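Look over the sequence and the model before reading on. The report starts with charged pairs, then turns to the core, the surface and confidence.

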Amino acid sequence: IRQERDDGTRITPIKEKFYHARPAGRKAEEVADAIGEGRDIREFQQVNFYIDKYKTFLSDRVKAGNLRPNSERIAVCALRPFVENFGLRIINEIKKEDIEVFKNKLLGSNAIDGINIILRNVKTFFNFCEDNGYIEFRPAKKIKQFKSNFEGRFLDRKELGIILKNSHKRLRRTIFVFYLTGMRLGEFLGIEMDDFMADGVEVDG
């Protein structure tokens, strides 16, 4: 970020050590004003700043009809563990190794399928940042998801009966719908009236 004299010649950068920082879509004048107000330029380099931009992007897609509200909620919710760990980190300093440590840390308190949802949304977030020129590389690009322990595993009638017997009666029909259709919770909650057709239901999965 450099200031210029009235004749157009450059003078010393406002803060040399932050000269490499991208203003992330804000005009350079805005960032310079922020520095003048005593705000730390690192605020415009932290993950939290770009997460806010990503949330705005998702919200705009919902308003434009290109994204279901439920998909937006799932994405925002899935990014919470990432924000808790990296929110105050400088985004361009995050490396693949950092994401690997985060991935393995999730194993202690999350199911495999839940971890994979988090990892997919972290990758999508970094794709957004790269597409908009906020970062030069994606640290999560080659991060692999965990193989689900339940791949190819289905409930039999006996197991279904045990679950239904021990469930609240208000939930039994919902559980039976899951069993018959194979829908996930997010898909089920995202169903709207427009999704019902004569021969079935269109699911955004």
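The side chain of Asp 98 meets that of Arg 89 in a salt bridge, with 3.1 Å from N to O. Arg 89 is partly exposed too, at 28% relative accessible area.

How many salt bridges does a search of the whole structure find? It finds two. Arg 138 and Glu 130 also meet through their side chains, at 2.7 Å from N to O. Arg 138 has a relative accessible area of 25%, so it counts as partly exposed. Glu 130 is partly exposed as well, at 27%. Side chains of opposite charge can pair when their charged atoms come close.

## The nonpolar core

The largest nonpolar core has 32 residues. Phe 82, Phe 125 and Phe 126 have the most contacts inside it. Helices H2, H4, H5 (96–106) and H6 each give two or more residues to this core. Which element gives the most? H6 does, with nine residues. In soluble globular proteins, nonpolar side chains tend to be buried together.

Phe 126 has contacts well along the chain. Leaving aside neighbours within four places in sequence, its partners include Phe 82, Ile 91, Ile 135 and Arg 138. Pro 139 is another partner of Phe 126.

## A proline in a loop

Pro 139 sits in the loop between H6 and helix H7 (157–165). Is this proline buried or exposed? Pro 139 is buried, because its relative accessible area is 4% and the buried class lies under 20%.

Pro 139 and Glu 97 are 42 residues apart in sequence, yet their C-alpha atoms are 8.1 Å apart in space. Leaving aside neighbours within four places in sequence, Pro 139 is in contact with Ile 94, Lys 95, Lys 96, Ile 99 and Phe 126.

## The overall layout

The protein chain holds nine helices and two strands. Of its 205 residues, 30% are buried. Take contacts with a separation of 6 or more: 53% of them join residues 24 or more positions apart.

Helix H3 (residues 69–78) has four buried residues listed by name: Asn 70, Glu 72, Ala 75 and Ala 78. Their cover includes helix H2 (47–63), helix H4 (80–86), helix H6 (112–131) and H9.

## The surface

The accessible surface of the protein chain is about 14100 Å². Carbon and sulfur atoms account for 50% of that surface.

Met 193, Phe 196 and Val 201 make a nonpolar surface patch of about 330 Å². Met 193 lies in the loop between helix H9 (185–189) and strand S1 (196–197). At 69% relative accessibility, Met 193 counts as exposed, because the exposed class lies over 50%.

The protein chain averages a pLDDT of 79, and 76% of the residues score at least 70. Where is confidence lowest, and where is it highest? Helix H1 (residues 28–36) is lowest, at a mean of 58, while H4 is highest, at 95.

Over residues 1–27 the pLDDT is below 50. Beyond near neighbours in sequence, this stretch has 46 contacts in the model. Where pLDDT is low, the predicted coordinates should not be read in detail.

Notes: Residues are numbered from 1 along each chain as its sequence is written. This is a predicted model: local features need pLDDT of at least 70, side-chain atom pairs count only at pLDDT 80 or more; totals for chains, interfaces and linings use all residues. Side-chain values use heavy atoms; hydrogens and water are left out. Patches are made of residues with over 30% relative accessible area and no salt bridge: like charges are joined within 9 Å, nonpolar side chains (Val, Leu, Ile, Met, Phe, Trp, Tyr) within 5 Å. Accessible areas come from the Shrake-Rupley method with a 1.4 Å probe; for residues, only the protein chains shown count as cover. A salt bridge is a side-chain nitrogen of Lys or Arg within 4 Å of a carboxyl oxygen of Asp or Glu. Buried means under 20% relative accessible area, exposed over 50%, partly exposed in between (1.4 Å probe, protein chains only). Contact means heavy atoms within 4.5 Å. pLDDT is the predictor's confidence in each residue, from 0 to 100. A nonpolar core is a set of buried Ala, Val, Leu, Ile, Met, Phe, Trp, Tyr and Cys residues joined through side-chain atoms within 4.5 Å.
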